[in-house]
Amino acid sequence: MDPIQETVKEIHWNVLESLSKVARFSRDTAATILEHPYARPILPHLPPVVNNLIQTEPTRSVIDEYDPGRVYLAKWASSINEASRAERLEKSDESFPGRRRRRWSDSEPKRWEEETEDELTLPPVHAIRTDPLNAEKWFSFFDTEGRLKVELNEVREAVFRGGIENDIRIDVWKFFLKVYPWDSSRVERENLLDAKAQQYWALKREWWDSPEVLNSDDFKEQKMRIEKDVIRTDRTMEFFAIEDMPHPDPLISASSKTTNKKLEAMKDILMTYHFYNKDLGYVQGMSDLLAPVLIVMEDEVSAFWAFVGFMERMKSNFYRDQSGMRRQLLTLEHLIKFMDPPLYKHLKNTESLNLFFCFRWILIWFKREFDWEHVKYIWEVIWSDYLCTSFHLFVALAILDKHRMVIIEYLKQFDEILKYINDLSNTIPVDETLLRAETLFHQFQRRVEIIDRKRSSVHQDNQNLGGTLRRRVSESVARNSSTDEGSSSDAAVVSDRLPVISELLRDLLV
């Protein structure tokens, strides 16, 4: 059999096997999302399609795990927008070569309109992965006083290209998570860490040493929530798996009378953060972000301040009104529409434009999609901000782009897409995904530049045409009016046919 046909056949049967496992609707599962207090105000707005959606097992697997998922679904239900149109874009799946020092080239830019043909004679886009940043290279960035002596962008690129070796990860993370300022000296960092230690213990004493706080209903509620989340966070990892000490409060434990120091440190950090950031407090899902930070930082004080820095980037993911998550998923929707209209059209036809299957990706930055080491690697790449400050959305786009053919050809319902995407967990090749994400970013950047240049050219042509008309005498205007009006009309058609670049898309270039 032809190798290509054999591959297609294998994919076909794998997909059919996967779809055969898609769970059927269940009558008794809608209650969980509907009973959530944040969802109640908008329950009257839930259309029948949403009631069906929330009854599927794949959907339940997400909303049972993360309270914000329930809120997002309910918010989406009240603001479904059917008005959209597909652009004429054909985008084929790409393939990649092997691992370190690998390159993926986009040798054939994609066309949306014939009007851009003259703009597409550009060199191909290249994406490269390299070895991780090592100690020798890292220390070469600093002078004898420990001050950064190279441009910060050089550091960002090194981390973006290959991540960070484990032996220097703790130091590098402290810079990227704003424990240390980039312009500080070694001595200044030592003094700063001492001051931060005193500040942390003072914050912790606000609840730790206060009988009034410890007996308050708010504290007891938060303690139960944190306990419930921590005892199920990364328990397969050796740092959290072994319970070798008595539980300090066995009456509150939902599963065990024993615990370990790492689990208790994580609970204390999350509770202290609840009091540190009183406007936001603790929200389900934060324990997923803290766990790798705690293990890398090793001590409670450094882990807390690194977590604070991480949450400065992530706090909008946990807003009670879900505005941060909705904005990011709307941006991803715009990005899919701009980069891959056929996929966008399919998602619209399958009532999947809420992108709920990407919710977990964005909420905790792919924490459940990759193994422990690769999660740290992915986070470092995103923290680098080398290409943009929203690179995680291009990582999401890259995963969808990799699987677009299967999604479009075989998955015809929302729950099928959600089940398929959920099943990708721990099967996604990390470097290949980062290569694809970088290339997609460059494609996006190129397209924005081409469209802006084309619109600017059309605008200039219209201005020149208007100036010419004003200078002509009335007889010349009368004699040539039909030609001039036709030129102006043609220019307007060209401009209208170009894709629209929303402000959300332009923000991706920052």
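Which helices are included in what covers the buried residues of α8? The cover includes α6 (135-140), α7 (152-162), α9 (186-208), α14 (286-297), α15 (300-314) and α19 (372-383), where helices are DSSP runs (H or I, at least four residues) numbered from the N terminus. This is a predicted model, in which local features need pLDDT of at least 70 and side-chain atom pairs count only at pLDDT 80 or more, while totals for chains, interfaces and linings use all residues. Residues are numbered from 1 along each chain as its sequence is written, and side-chain values use heavy atoms, with hydrogens and water left out.

**Helix α8**
- Helix α8 spans residues 166-176, and eight of its eleven residues are buried, that is, under 20% relative accessible area, with a 1.4 Å probe and protein chains only.
- The buried residues are Ile168, Arg169, Ile170, Val172, Trp173, Lys174, Phe175 and Phe176.
- Lys178, which follows α8, has a positive phi near 65 degrees.

**Glu380**
- Glu380 is placed in helix α19 and has a relative accessible area of 1%, so this residue counts as buried.
- A polar atom of the Glu380 side chain lies 3.1 Å from the backbone nitrogen of Ile164.
- Apart from neighbours within four places in sequence, Glu380 is in contact (heavy atoms within 4.5 Å) with Val159, Gly163, Ile164, Arg169 and Trp173.

**Packing of α9 and α15**
- Two packed helices are described by the angle between their axes and the distance between the axes.
- For α9 and α15, the angle is about 85 degrees and the axes are 9 Å apart; the axes are lines fitted to C-alpha atoms over the stretch in contact, with angles running from 0 to 180 degrees between N-to-C directions.
- The two helices are therefore roughly perpendicular, a class that covers 65 to 115 degrees.
- Residues of α9 that meet α15 include Leu193, Ala197, Tyr200, Trp201 and Lys204; on the α15 side, Glu300, Val301, Ser302, Phe304 and Trp305 take part.

- Leaving aside neighbours within four places in sequence, Met286 is in contact with Leu270, Tyr273, Leu280, Gly281, Phe307, Met311 and Phe318.

**Cysteines**
- The structure holds zero disulfides, defined as pairs of cysteine sulfur atoms within 2.5 Å.
- Cys358 is buried at 0% relative accessibility, and Cys388 is buried at 2%.

Note on methods:
Buried < 20%, exposed > 50% of the residue type's maximum accessible area, 1.4 Å probe, protein only. Polar contact = N/O pair within 3.5 Å; in protein donor to acceptor, adjacent residues only side chain to side chain. Parallel < 35°, antiparallel > 145°, perpendicular 65-115°, else oblique.
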